[in-house]
Amino acid sequence: METNLARQLLEETNDFEGARYLVDVEGMSSAKICSFLNALVARMDDEEHYLEIGTWRGRTLLSAAYQNRGRTCFACDKFRILGRWTGWGFKAKRQLMRNIERYRKQCANVRFFHMTSRRFFRAGLIPGPIGVYFYDGDHGYRLTRHGIVSAAPLLSRRSVLLVDDWNGEIVRRATRDGIRDAGLKILWEREFEGDRTAGGWWNGLGVFYVEQGRGWPAGSEGRTRA
Ligand SMILES: C[S@@+](CC[C@H](N)C(=O)[O-])C[C@H]1O[C@@H](n2cnc3c(N)ncnc32)[C@H](O)[C@@H]1O
């Protein structure tokens with residue numbers, strides 16, 4: 001993604017003022033975030049993919065995929081047995097699969113993997129560069145940092161990285177440490193404080209336009225992409 005689409009879209013829409021939900025899916029994200037993801041996927045380069053960690057019932061995943069046929073959206077969720085905010089994992093998974101099916105004809109190709117983010121990254125399931133990466137999984141320090149460091153080699157030379165729950169100090173620190181440790185260069189960034197309302201930025205969002213400069217996948221000779 002050689003153009004900073006994040007900045008472009010935020011400027012064009014006045015930070016997604018008046019955004020509306022695109023899909024009718026229960027979830028923990030605002031209309032602004034859902035519309036932002038959707039527009040980024042619509043405009044990313046042809047060979048690029050979307051990746052999301054932490055789907056719950058699929059609100060953000062299906063928003064990213066909505067009306068974006070021809071794209072592929074990869075995602076994983078571990079579905080806790082019983083989460084404080086997320087309820088029963090088996091119910092969330094059942095609802096996610098129903099929602100994916102319900103929107104299948106209007107959406108990008110969705111490839112969902114029921115596994116932890118650690119296992120997902122170890123398994124090497126991504127066949128091409130990620131242009132838009134949304135991290136909304138475990139919000140502790142170790143897994144957030146891991147989610148950034150492990151995804152870095154899969155990113156396009158330049159890509160947009162979005163991290164949810166940016167209001168949390170641990171999330172911010174883990175993300176910035178991850179970016180540094182992965183050798184990503186921040187070309188541009190915005191921080192949105194969330195006011196915990198559906199009309200705002202939910203619990204905050206960190207947005208980065210980053211460069212990894214190693215080609216895809218990292219270290220592969222002769223496969224550096226423009
Ligand atoms: C805040 S919810 C995601 C909300 C979702 N993006 C939406 O649109 O409503 C966080 C999700 O991350 C998942 N999660 C937590 N730890 C994880 C891990 N280690 N690997 C994968 N998913 C994880 C949880 O099961 C939960 O469904």
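Asp15 counts as partly exposed, with 14 C-beta neighbours inside 10 Å (buried takes 20 or more other C-beta atoms within 10 Å, exposed takes 12 or fewer, partly exposed is in between, and C-beta atoms are placed from the backbone). This is a predicted model, so local features need pLDDT of at least 70 and side-chain atom pairs count only at pLDDT 80 or more, while totals for chains, interfaces and linings use all residues. Residues are numbered from 1 along each chain as its sequence is written.

Asp15 sits in the loop between helix H1 (5–12) and helix H2 (31–43); helices (H or I, at least four residues) and strands (E, at least two) are DSSP runs, numbered from the N terminus. Its phi is positive, about 55°, although Asp15 is not a glycine. Most residues other than glycine have a negative phi. Asp165 also has a positive phi, about 60°, and belongs to the loop between strand E7 (155–164) and helix H7 (169–181). Asp165 is buried, with 21 other C-beta atoms within 10 Å.

Now to the ligand. It is surrounded by 21 residues, and Gly27, Gly54, Arg59, Thr60 and Asp138 are the closest (near means a C-beta atom, placed from the backbone, within 6 Å). Helix H3 (59–65) and strand E2 (72–77) each supply at least two residues of this shell.

As for the whole chain, the secondary structure comes to seven helices and nine strands. The C-alpha trace spans about 45 × 40 × 40 Å along its principal axes. Buried residues make up 48% of the 226 residues.
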